[in-house]
Amino acid sequence: MFRLARVALVVVLSLAFVWVGLCSGRPAFGEAKLPPEDQPPATLPPHPTSTAAPTATATPARLPASARVPILMYHYISEPPPGADRYRIDLSVAPQDFEQQLQYLAANGYTTISLYDLYAHLKLGRSLPPKPIVLTFDDGYRDHYEHAFPLLQKYGMRGTFFITTDFINFGNPNYLTWEMVKEMSAAGMDIESHARTHRDLRNRDFQFLVWEILGPIEQITAHTGKRPRFFCYPSGRYDDAVIRMLRSVQTWAAVTTEHGSVHTLANGMTWRRIRVHGRASLERFAATVRSAGGD
Ligand SMILES: [Zn+2]
């Protein structure tokens, strides 16, 4: 009963917080509240030194108009169960195939970066390594901890894990636990939001969107100590109200299931990804990554 009351209190406070934020036209999450490590340092590209007399007008830092970076989309990193339908098979990359893919990326000069790196590149002009690539994992399956996480660590790579928090809250054994999430986050993996329940977010009222979008941000922050800034639409579905809510809680960018690899700040709420199909040959994987990267 006490727990229920506490949950209700949190929800009421959350709603009030967002409502105040929206009404005042200011972000619900004030920038000032964030710990400094959550902010991309406002370092700008170094100014060329010159002995010439300074001109009256300062030259603004040159920002890239767009960035071509493949954001790979994975789901299960495990063998599909016996009798799996074609959808489950397509969503499942076997651990040995996944390891071959990581080996391919390492051997061919790719560097895994985070969505924070990509955003800082577009927003602040911070440079990216050659052949940058983002690896994302949707839904928070247990096999992300059992297979993806150790293999990423083995190759010194970084992954972005979009978790659906109620799958964890209710102790579903097919999904991660908060302890696993905490360990992965502490080891340098990015834990970002894939909503609370994975339901379709379209045509919903304000309270529903607060519950689905603000709640996971608070929970991930509480468990990892890092405030998530990116969002993955459940089943790739969204509408204008969803985007408005994401912006109101200071989400920096969101990813869809649409195919593409050219990202801008203007299309930040609909960044596209590259699906990795289960049972795809290494040759097919390599060709997909090469074309997405513009090679
Ligand atoms: Zn999903």
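**Close-up views of a predicted chain**

The protein chain has 10 helices and 10 strands; these are DSSP runs, numbered from the N terminus, with helices being H or I of at least four residues and strands being E of at least two. This is a predicted model, where local features need pLDDT of at least 70, side-chain atom pairs count only at pLDDT 80 or more, and totals for chains, interfaces and linings use all residues. Residues are numbered from 1 along each chain as its sequence is written.

**View 1. Helix α3 (residues 95–107) meets helix α5 (residues 142–154).** Their axes come within 10 Å and cross at roughly 20 degrees (axes are lines fitted to C-alpha atoms, for helices over the stretch in contact, and angles run from 0 to 180 degrees between N-to-C directions). So α3 and α5 are roughly parallel to each other, a label for angles under 35 degrees. On the α3 side, the contact is made by Pro95, Phe98, Glu99 and Leu102, and on the α5 side by His147, Ala148 and Leu151 (two residues are in contact if their C-beta atoms, placed from the backbone, lie within 7 Å).

**View 2. Helix α9 (residues 240–248) and its buried residues.** Look for Val242, Met245, Leu246 and Ser248, the buried ones here (buried takes 20 or more other C-beta atoms within 10 Å of a residue's own, exposed 12 or fewer, and partly exposed is in between, with C-beta atoms placed from the backbone). Seen down the axis of α9, these residues fall within an arc of 165 degrees, so they line one face of the helix; the arc is that of the directions from the helix axis to the C-beta atoms. After α9 comes Gln250, with a positive phi near 60 degrees.

**View 3. Ala253 in strand β8 (residues 253–259).** Ala253 counts as buried, as it has 22 C-beta neighbours inside 10 Å. Setting aside neighbours within four places in sequence, Ala253 is in contact with Leu115, Tyr119, Phe230, Gly268, Met269 and Trp271. Asn267 is 14 residues away along the chain, yet its C-alpha atom and that of Ala253 are separated by 8.4 Å.

**View 4. Ala195 in the loop between β6 (190–193) and α8 (206–224).** Ala195 isn't a glycine, but its phi is positive, near 75 degrees. Ala195 is buried, with 24 other C-beta atoms within 10 Å. His198 is also found in the loop between β6 and α8, and its phi is positive too, at about 70 degrees. With 17 other C-beta atoms within 10 Å, His198 is partly exposed.

Conventions:
Parallel < 35°, antiparallel > 145°, perpendicular 65-115°, else oblique.
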